[in-house]
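Try each task before you read its solution.

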Amino acid sequence: MSVGEFTASNIAMDMDEKEKGKAGTVDMAKLFADIALQKEMAPKGQLASAIESLLNLEKSSRLAEDVTATKACCAAILDVCYEARDWRALEENVILLTKRRSQLKQAIQATVRQAISYIDSIEVKDTRVSLIKTLQAVTEGKIFVEIERARLTKRLAAIKEADGNVDEAADILQEVAVETFGAMAKTEKIAFILEQVRLCLDKKDFVRAQILSRKVSPRAFVERKGEGQGEIGIEGTAIEEADKGTPSLAELKLRYYELLIRYYSHLNNYLEMTRCYRAIYEVHAAAEDAEKWVPVLKHVCWSLVLTPAYSTPHGSSSDRTTLLTTTLQDKKLSELPEYKTLLTSFTNTEIIRWTVFESQYEGELAAFSGGLFSEPKRHEDLQLRIIEHNVLVAAKYYSRMRTSRLATILSLTPEQMEKHVSDLVVAKAIKAKIDRPAGIINLAQPQSPEEQLNSWAGNIARLLELVDKSCQLIEKEAMVHKVTLAARV
């Protein structure tokens with residue numbers, strides 16, 4: 001018999017068996033009785049024969065396309081392997097049941113989920129990892145068990161991380177793109193992506209962490225219809241219940257912004273850190289939990305102080321001004337008068353003495369030594385912001401001044417003063433020219449021809465207004481004293 005004839009005959013035999021199964025209905029009472037009998041045989045040293053008998057029952061149920069009977073047979077096979085603690089037999093039968101010809105999707109899904117429930121009861125780590133990898137292999141490429149595969153990958157990554165292999169755990173978890181899973185609950189999906197971001201940050205892979213964080217939008221933390229258990233989502237997909245232990249949407253929002261703070265802290269992007277702290281503060285302030293919102297509001301204030309007052313690649317000065325105004329208008333800030341004074345000192349056009357500032361906020365800075373000011377660069381940036389503030393104040397009030405005088409105001413040496421002024425000029429925060437031989441710095445803002453013409457036109461308009469007002473006042477005085485100009489002449 002040729003290969004083609006052999007294949008054709010096999011197909012014909014399978015079709016005949018399938019038709020026979022369809023012709024008769026599975027007797028559920030008899031099926032459950034047979035399953036119970038085989039389960040009783042398994043503990044008596046007849047595990048192999050019990051599994052073989054159950055596989056025959058599964059075959060007849062599968063050919064009859066009876067979902068309930070097939071799932072019951074698959075569950076019974078896994079049960080006898082689990083009760084015998086024969087993990088190797090369990091893995092072999094999981095592969096066998098999921099790879100059988102014309103296996104029902106519902107049976108495969110039920111088999112995988114049942115096998116997943118056994119993972120926590122396995123004490124030996126290597127055996128647990130082996131079962132997880134087996135389940136990953138049988139779920140690969142099957143959309144109807146993609147959620148189960150994602151959960152298995154997360155468990156495997158957690159095991160690797162517990163062993164200290166953070167890099168390997170991050171690489172394993174990045175293999176799954178849960179944002180494409182239509183049936184996964186939104187909370188579980190966000191929690192999975194945030195776990196990917198956290199592992200990337202632990203791995204010091206900040207570029208990939210940023211890419212992954214963009215998969216979650218702040219708007220995702222708003223609860224909308226169609227995202228709960230049992231409801232219908234996009235394209236009519238039924239959304240499944242989130243995995244046990246998945247945090248709520250409010251908790252995920254806090255975790256999201258805490259991870260972003262870690263990322264922006266690495267870049268020293270204080271403006272974005274302020275926005276993240278503001279988002280966390282709004283959550284705690286809405287809950288009226290003073291123990292939580294007070295320290296977060298303090299972080300908001302210090303982040304604002306550390307943000308440059310001029311435009312940078314990370315953000316414009318108008319964004320800082322808006323956040324500063326919003327924070328100062330917050331009624332809860334009045335409960336922290338010291339911090340209200342802190343922000344006010346940076347909005348006023350007055351010189352801030354570093355020695356006075358340091359002594360005034362020494363205790364508060366020490367309280368943040370384990371957090372925001374844990375790095376020496378934060379203290380350097382704070383001192384730099386005060387110097388920049390003082391230079392901007394001087395540029396507002398003076399058009400020309402001696403370099404020695406400006407260095408005295410800034411409490412710096414002439415060389416340090418020149419460096420900071422040059423940096424602000426490069427950042428286009430001010431316009432200045434330094435005459436070193438004469439020791440003079442010119443802070444006047446040069447005007448373009450258009451600006452100069454507009455200035456002259458404005459001066460003429462103001463002059464005419466003064467002349468007109470003077471004439472009106474003279475006439476008013478004349479009427480009050482009933483004296484006419486003609487009579488005086």
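**Exercise 1.** What should the 15 residues of helix α7 (residues 125-139) span at 1.5 Å a residue, and how far apart are its end C-alpha atoms?

*Solution.* This is a predicted model, where local features need pLDDT of at least 70, side-chain atom pairs count only at pLDDT 80 or more, and totals for chains, interfaces and linings use all residues. Residues are numbered from 1 along each chain as its sequence is written, and side-chain values use heavy atoms, with hydrogens and water left out.
- Step 1: Know the element. Helices (H or I, at least four residues) and strands (E, at least two) are DSSP runs, numbered from the N terminus.
- Step 2: Apply the rule. The expected span is 1.5 Å times one less than the number of residues. For α7 that gives 21 Å.
- Step 3: Compare. The end C-alpha atoms of α7 are 21 Å apart, which agrees.
- Step 4: Look just past the end. Gly141 takes a positive phi of about 80° there.

**Exercise 2.** Which residues of α7 are buried, and which helices do they pack against?

*Solution.* 
- Step 1: Set the cut-off. Buried means under 20% relative accessible area, exposed over 50%, partly exposed in between (1.4 Å probe, protein chains only).
- Step 2: List the residues. The buried ones in α7 are Arg128, Val129, Leu131, Ile132, Thr134, Leu135, Gln136, Val138 and Thr139.
- Step 3: Find the partners. These residues pack against α5 (87-99), α6 (105-117) and α8 (146-162), with contact meaning heavy atoms within 4.5 Å.

**Exercise 3.** Which residues have the most contacts inside the largest nonpolar core?

*Solution.* 
- Step 1: Define the core. It is a set of buried Ala, Val, Leu, Ile, Met, Phe, Trp, Tyr and Cys residues joined through side-chain atoms within 4.5 Å.
- Step 2: Read off the answer. The largest core has 113 residues, and Leu135, Trp302, Leu342 and Phe357 have the most contacts inside it.
- Step 3: Check one. Beyond its neighbours within four places in sequence, Trp302 touches residues including Tyr339, Leu342, Phe357 and Leu382.
- Step 4: Look elsewhere. A second, separate core of 17 residues includes Ile387 and Leu410.
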